[in-house]
Amino acid sequence: MTRARVLVAALALVLVAATACETGVKPTATIAAADSADQVLLNMSHFVTNNGIQRSHVRADTAYFYSASQAAELRTVHITFYDPRGVQTSTLTAHEGTYRWRTGDMEARGNVVVVRTDGATLRTEVLRYSQVRNQVSSDRPFVFDEPTRHIKGEGFTSDPDFKVVTATRPRGVGGKFTLPNQ
């Protein structure tokens with residue numbers, strides 16, 4: 001075999017290999033391991049107490065704990081809340097959430113539904129709880145229903161019992177008056 005034929009054969013193999021790579025499946029994104037979780041719990045169940053009194057029961061299908069940020073990412077969240085005497089007050093369900101254990105703050109995301117024991121219901125896509133302010137809030141549209149009130153709005157701030165609600169662009173019915181549609 002002459003040197004020219006060997007060079008042509010080698011070039012042909014390189015072209016065939018390059019063409020094969022071009023027709024194969026190309027990755028659409030690279031997967032970078034961001035911050036991997038320090039702990040992963042499946043079917044997590046956690047009781048939160050204050051001075052020996054149960055305040056909440058947090059359950060999640062999966063929980064990812066990150067020590068550096070002192071946060072937990074939860075998937076398929078179900079939380080039962082209790083008053084200072086330990087009596088159940090409400091439940092929250094959401095697709096996912098973040099719990100910051102240093103501050104006690106929580107954010108629930110994705111089809112968030114809170115149901116009080118008296119049947120009052122809140123629905124929104126994002127719900128935040130600030131422990132320092134003892135306040136729940138959302139900057140997303142919400143619907144709040146109870147026997148004497150039906151409130152919709154673009155966002156709200158409230159105490160955890162929803163006794164005092166400040167809504168952005170409220171509309172609905174409350175007591176014996178109708179809120180304007182804006």
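A: Leaving out residues up to four places away in sequence, Ser138 touches Thr124, Val126, Arg128, Gly155 and Phe156, where contact means heavy atoms within 4.5 Å. The model is predicted, so local features need pLDDT of at least 70 and side-chain atom pairs count only at pLDDT 80 or more, while totals for chains, interfaces and linings use all residues. Residues are numbered from 1 along each chain as its sequence is written, and side-chain values use heavy atoms, with hydrogens and water left out.

Ser138 belongs to strand E7, residues 135-138. Strands (E, at least two residues) and helices (H or I, at least four) are DSSP runs numbered from the N terminus. Ser138 counts as buried because its relative accessibility is 6%; buried means under 20% relative accessible area, exposed over 50%, and partly exposed in between, with a 1.4 Å probe and protein chains only.

The side chains of Ser138 and Thr124 are joined by a polar contact of 3.3 Å. Such a contact is a pair of N or O atoms within 3.5 Å; within protein, one must be able to donate a hydrogen and the other to accept it, and residues adjacent in sequence count only if both atoms are side-chain atoms.

Arg128, touched by Ser138, lies in E6 opposite Glu107. Strand E6 (residues 121-130) pairs with E5 in the antiparallel sense over eight bridges; pairing requires at least two bridges found by DSSP. Four residues separate E5 and E6 in their hairpin, and Gly119 in the turn has a positive phi of about 100 degrees.

Glu107 in E5 also stands opposite Thr98. Strands E4 (residues 88-100) and E5 (residues 105-116) pair in the antiparallel sense over nine bridges. Their hairpin has four residues between the strands, and Gly104 there takes a positive phi near 80 degrees.
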